[in-house]
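Open the model in your viewer and get your selection tool ready. We will take a short walk from one stop to the next.

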Amino acid sequence: MIDWAQVKQLEADVGSEDLADVVTLFLSEVDEAVEALQSLPKDSAPEVAAALHFLKGSAFNLGFQEFGDYCATGETQAHGGDTESVSFQAVERLYLASKSLFLNELSSHCSVQL
């Protein structure tokens with residue numbers, strides 16, 4: 001569910017102290033974006049695709065692999081006009097599960113303290 005190699009690479013790129021800031025910002029922005037997605041009209045394919053594109057990029061940046069994969073698939077579907085196949089509840093569920101796992105295991109994979 002979490003690509004820890006990606007997280008470790010990010011830590012190597014930005015340093016442990018800055019990784020804490022990146023994680024905090026990421027979680028705050030994605031919390032807001034997931035909440036905003038829930039209020040989008042299902043028939044607004046461009047808005048749904050844009051929201052999922054943002055979530056996909058954020059997810060892969062911080063190693064949330066399964067969440068990112070789902071958002072990528074949903075983005076593709078939305079670009080094709082098929083927003084009914086995208087479950088906003090699944091987006092939220094995958095994000096919350098990934099976030100929980102990430103926060104519970106972060107200190108065992110990286111030297112960052114939140």
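Start by selecting Trp4, Phe26, Phe64, Phe67, Tyr95 and Phe102, and show their side chains: ring pairs link these residues into a cluster. Keep in mind as you look around that this is a predicted model. The structure holds five aromatic pairs.

For a closer look at one of them, keep Trp4 and Phe102 on screen. The centres of their rings are 5.5 Å apart and the planes meet at 5 degrees, under the 30 degrees cut-off, so this pair counts as stacked. Trp4 belongs to helix H1 (residues 4-14) and Phe102 to helix H5, so the pair ties together parts that are 98 residues apart in sequence. Are these two residues buried or exposed? Both Trp4 and Phe102 are buried.

Next, select residues 65-79, which form helix H4, together with residues 88-109, which form helix H5. The two helices pack with their axes 8 Å apart, at an angle of about 160 degrees. That angle is over 145 degrees, which means H4 runs roughly antiparallel to H5.

- On H4, pick Glu66, Phe67, Tyr70 and Cys71.
- On H5, pick Ala90, Val91, Leu94, Tyr95 and Ser98.

Terms used. Residues numbered from 1 in each chain as written. Predicted model: local features only at pLDDT ≥ 70, side-chain atom pairs only at ≥ 80, totals over all residues. Heavy atoms only, no water. Axes fitted to C-alpha atoms, helices over the stretch in contact; angles between N-to-C directions. Helix = DSSP H or I, 4+ residues; strand = E, 2+ residues; numbered from the N terminus. Parallel < 35°, antiparallel > 145°, perpendicular 65-115°, else oblique. Contact = heavy atoms within 4.5 Å. Phe/Tyr/Trp six-rings, centres within 6.5 Å; stacked < 30°, edge-to-face > 60°. Buried < 20%, exposed > 50% of the residue type's maximum accessible area, 1.4 Å probe, protein only.
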